[in-house]
Amino acid sequence: MTVDSFTGMLVVVTGGGSGMGRELVRQLAAQGCSVAACDLNGDAVAVTAATASAAAPPGVRVTGHVCDVSDEAQVLRFRDELLAEHGSDHVDLVFSNAGVGGGESFVTSRRDVWERTFAIDWWGVYYCARTFLPLLIASGDGVLVNTSSVNGFWASLGPGMTNSAYSTAKFAVRGFSEGLIEDLRTHAGPAGA
């Protein structure tokens, strides 16, 4: 898909409260997209929504939602909220961007820290794909963007610097995303539709 204009699209951005997610929301809204952003931090995503709305062209709606993407029930609630608030039955773009570092060592890090990192960085992407893929397909030209990392290629940060929960999750995101290309082409593209 080549996008000539973002005007009028409805976009979902997870992890929209800070960093890359906040910048995605800001730039997409400036390009004429209505955006539904979510984050664990309600105050941060509210600031993102207000800032992006203030600089967006007329008619653009930016909403902020609290959502822990590692919890499928919260992702489903987020979907329902954004569809109601934006008055839509589909979304055009989904940026599965939410992520967290941590869980440095499988051997020495606490298990709950390791599993929390993995849950946000991998299960969050999986739950968002499961939840939003039907709405992307319904748009006719939907696009799913899953944020990985250089740690989806290299499993450590260097000698003696482990990063196993994060890199394991990012390898999963990378493999999942690559696998979806043919899956969607076969089952959701013009030939599979």
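User: At what angle do helix α3 and α4 pack, and does that make α3 roughly parallel or roughly perpendicular to α4?
Analyst: In this predicted model, helix α3, residues 72-86, packs against α4 with the two axes 9 Å apart. The angle between them is about 30 degrees, and because angles under 35 degrees count as roughly parallel, the arrangement of α3 relative to α4 is roughly parallel.

User: Which residues of α4 make the contact with α3, and is the crossing right-handed or left-handed?
Analyst: The crossing in which α3 passes α4 is right-handed. From α3 the contact takes Glu72, Val75, Leu76, Phe78, Arg79, Leu82 and Leu83, and by class the contact of the two helices has 9 nonpolar, 1 polar and 2 charged residues. On the α4 side, the residues that make the contact are Tyr127, Cys128, Thr131, Phe132 and Leu135.

User: How far apart are the axes of α4 and helix α5?
Analyst: Helix α5 covers residues 164-187 and packs with α4 at an angle of about 15 degrees, which makes α4 roughly parallel to α5. Here α4 passes α5 in a right-handed crossing, and the distance between the axes of α4 and α5 is 7 Å.

User: Is Ser96 buried or exposed, and with which residues is it in contact beyond its neighbours within four places in sequence?
Analyst: Ser96 is found in strand β4, residues 93-96, and with a relative accessible area of 1% it is buried. Once its neighbours within four places in sequence are left aside, the residues in contact with Ser96 are Thr14, Gly124, Val125, Cys128, Val145, Asn146 and Thr147.

User: Where does Gly140 lie, and how far is it from His90 in space, C-alpha to C-alpha?
Analyst: Gly140 lies in the loop between α4, residues 111-139, and β5, residues 143-146. With a relative accessible area of 58%, Gly140 is exposed, since exposed means over 50%. Gly140 and His90 are 50 residues apart in sequence, and in space their C-alpha to C-alpha distance is 9.3 Å.

User: In what order do the elements of the chain run, and what is its radius of gyration?
Analyst: The chain has 5 helices and 7 strands, and from the N terminus on its elements run β-α-β-α-β-α-β-α-β-β-β-α. The globule rule gives 16 Å for 193 residues, and the value for the chain is close to this, so the chain is as compact as a globular protein of that length. That radius of gyration is 17 Å.

User: What percentage of the residues in the chain is buried?
Analyst: Along its principal axes, the C-alpha trace of the chain spans about 50 × 45 × 30 Å. Among contacts between residues at least 6 apart in sequence, 66% join residues at least 24 apart. Of the 193 residues in the chain, the buried ones make up 43%.

Technical notes. Residues numbered from 1 in each chain as written. Predicted model: local features only at pLDDT ≥ 70, side-chain atom pairs only at ≥ 80, totals over all residues. Heavy atoms only, no water. Helix = DSSP H or I, 4+ residues; strand = E, 2+ residues; numbered from the N terminus. Buried < 20%, exposed > 50% of the residue type's maximum accessible area, 1.4 Å probe, protein only. Axes fitted to C-alpha atoms, helices over the stretch in contact; angles between N-to-C directions. Parallel < 35°, antiparallel > 145°, perpendicular 65-115°, else oblique. Left-handed = near helix turned anticlockwise from the far one by under 90°. Contact = heavy atoms within 4.5 Å. Nonpolar A, V, L, I, M, F, W, Y, C, P; charged D, E, K, R; others polar. Rg over C-alpha atoms; globule rule 2.2 N^0.38 Å.
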